[in-house]
Amino acid sequence: MSPLKKLTAIFFILSCGIIAGVNAIAAETDSILLYTPFTKISVPPGESIDYTIDVINNGTELEKLDLSVTNLPRGWNYTLKSGAWNVRQVAVLPGEKKSLSLRVEVPFQVNKGNYRIYLVAGEGHTLPLTVNISEQGTYRTEFTTRQANMEGHAGSSFNYSADLQNRTAEAQTYALRGEVPRGWTITFRANGKQVTSVDVEANSTVNVTIEIKPAEQVEEGTYAIPVRAVSGSSSGELKLEAVITGTYRIELSTPSGLLSSDIVAGRGKKIDLVVKNTGTSILSDVQLTHAAPANWEVTFEPKKIESILAGRQENVTVTISADKKAIPGDYVTNLEARTPETSSKASFRMSVKTPMLWGWIGVLIIAAGIAAIWYLFRKYGRR
Amino acid sequence: MDWTISITDILKEVTTMTDTPITNTAGKSRISERVKHPFRVIMEKEISDHVSGWRFIILAAIIALTCLGALYTALTNISQAVKPNDPEGTFFFLKLFTVSDGTMPSFMVFISFLGPLLGIGLGFDAINSEHNRGTLSRILSQPIHRDYIINAKFTAAIAVISVMLMSLCLMVMGAGLTMLGIPPTAEEFVRMVLFILLGILYVAFWLNLAILFSVLFRQPATAALSAIAVWLFFTVFYPLIVSLITKSIEPPATATPSQLVAFEQFRLALLRVMPNQLFSEATTTLLMPSVRSLGPLTMEQLIGALPGPLPLGQSLLLVWPHVTGLAAGTIISFVISYVLFMRREIRPR
């Protein structure tokens, strides 16, 4: 055997002995064992992790151990409890174990990645714990909706359902504000009540219903409505979209606006009507209908209008003929201009007059009587 | 012709005829230089006789008192008479004439009931009493036309009646104005005036009938009784007869609407022979503007009808047949009495 070989063998034996000796020391000091089942936990920002930690004394003597958590990143907090007490030191009898609960609070503002923290008990007893932050942490408010775009005609109201999520460390009071065009109305509802501000606890969500009513004279188009939830330290914004389709409005009236007329029983009367398109879309197939008293005749000329452009008007002549037996006084005649989309009704008050014929016959009879007297006066009177 | 002398002669005759002392009118006309038409002289004399006579005073007092009673009930009940959504709400004042609480008839009903009595009372002895006293032939011996007598008698009586009815109505209006504090509108006033004119026409009919009887019968009592008999017949017996007739020909409930309408029209036509029916229908229409028809109505006619007052012209047109009927009755009885009187031989006794 060469001296080099011998040296190597001695070194090997020695190093083995040293290693064994070191191991023996470790085994001796590891009479205290810190144990927790889950040493790597993945959480999103803002969560807190509860560990249950057992301190086990495998030695033969009573062990008194100071407890602390080290390597905790800035902004993180921990509490170490047993039962109701915050624990700073623990004493464990030989062969026994104590359970502690460790709560680590992860802040919202934290980067994605692995963080290692150590629970240190006494001197040299450490328990490494790995916390995996699953996503990039934020410190903000989130205001979201699943459906930001809605379509409807001018008369409809738009109901958006939005979630207001407070992802800050404190409870926040958010003022709700929407920027709507002039004449529009916006109302917020939370918990079934109409609100202008809403309180949200830290890390919780409140559902806010946003109701938007367009202005009466709104034009066709897409309207973007930014809605904000603003608190003292944070804010969230949501962009809503309302798509207004064309409006259909029709108006039936007379050129002067007068909706009453005289009519002689049994005769007809011509009335000029105006059908106006007051909406923003073209109206087609305008039907003219009526509801008149029994035995009255109503005819329109023309009977139907093909189309009326937005803002334009068409003239219609209606001939209303009263029943021969209509009694004098007021009757109501309803005229209606109707398209599949919309309709307009005009109630005419028709004052029926009876023909003067019988009145004149009565006058004639009386005149004949007076003439007879006159004749008698002439014949007999002057004797 | 010397008119002054003849007039004084007539006046002498007239005063002797009524056994009253010479009135102021006579004195004045004797003094005044203006010459009066003989017709006017007779008329004025008749009016003064009527007004100072007990008969007219009693009749007027009866009518005035009953009408005051009616006015009182109307005034106490008028607050209940106006209901919300009443189409006649704008014709508040007219309710004075039509409202009653059921214990006492309204003003309108009283006029239709007592008006005939007034006409009969003033007309039943117009000619026959003169005849019986022998004054008629003495008047006729004066150089005046014979028809002046009957014309003046009629005109005088109608003038007295007109003044009385007019003043009664104005009294009601005045009392209403004082108690209610609401002035009548122009249309209400015109309707009231038309009501008075209609009342005068109605009383004129009975007056002419009474004059006719006074020409027919020599005894005033006979004339008065027969006139009252006609009045009673129309107010009491005629409706009974009509209901007897209509009951016997009443169509069954299963009859067609046209049959029912025809029957109803027939019944109304029978009823409208009565002057009081004509008068009450006409006054109702004039004083209640919401009355739109006086005959039977079918449902067809009512579809789409709005409750509302009729304009005055239409109300008038509605009652025009009634007015014509009353006027015709008046004229016919006048013509008959006129002809009879003119053809009669009048001899001094």
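How many C-beta neighbours inside 10 Å does A:N295 have, and does A:N295 count as exposed or partly exposed? A:N295 has 15 such neighbours, so A:N295 counts as partly exposed. The model described here is predicted.

## Backbone geometry in chain A

A:N295 is found in the loop between β24 and β25 of chain A. Although A:N295 is not a glycine, its phi is positive, at about 65 degrees.

A:D285 also has a positive phi, of about 60 degrees, and is not a glycine. A:D285 lies within strand β24 of chain A, which covers residues 283–291. With 12 C-beta neighbours inside 10 Å, A:D285 counts as exposed, because the cut-off for exposed is 12 or fewer.

The peptide bond between A:E301 and A:P302 is cis, with omega at about 0 degrees. A:P302 belongs to the loop that lies between β25 (297–301) and β26 (304–308) of chain A.

## Strand pairing around β4

Strand β4 of chain A spans residues 63–70 and pairs with strand β7 of chain A, residues 89–92. This pairing is antiparallel and has 4 bridges. Within it, A:L65 has A:V90 of β7(A) as its bridge partner.

β4(A) also pairs with strand β9 of chain A, residues 113–121. Here too the sense is antiparallel, over 4 bridges. A:V69 is bridged to A:L119 in β9(A). In a regular strand, side chains alternate between the two faces of the sheet.

## Where chain A touches chain B

Contact between the two chains involves 31 residues of chain A and 29 residues of chain B. On the chain A side, the elements that give two or more residues are β28 (329–338), β29 (343–353) and α2 (357–381). The largest share comes from α2(A), with 12 residues. By residue class, the chain A side divides into 16 nonpolar, 8 polar and 7 charged residues.

## A strand pair across the chains

Which strand of chain B is joined to β28(A) by 2 bridges? The partner is strand β1 of chain B, residues 305–306, and the two strands run antiparallel. In this pairing, A:D330 stands opposite B:L306 of β1(B). β28(A) is also among the elements that give two or more residues to the side of chain A touching chain B.

Note on methods:
Residues are numbered from 1 along each chain as its sequence is written. Chains are lettered from A and ligands numbered from 1 in the order in which they are written. This is a predicted model: local features need pLDDT of at least 70, side-chain atom pairs count only at pLDDT 80 or more; totals for chains, interfaces and linings use all residues. Two strands pair if DSSP finds at least two bridges between them. Two residues are in contact if their C-beta atoms, placed from the backbone, lie within 7 Å. Ala, Val, Leu, Ile, Met, Phe, Trp, Tyr, Cys and Pro count as nonpolar, Asp, Glu, Lys and Arg as charged, and the others, Gly among them, as polar. A residue is buried if 20 or more other C-beta atoms lie within 10 Å of its own, exposed if 12 or fewer, and partly exposed in between; C-beta atoms are placed from the backbone.
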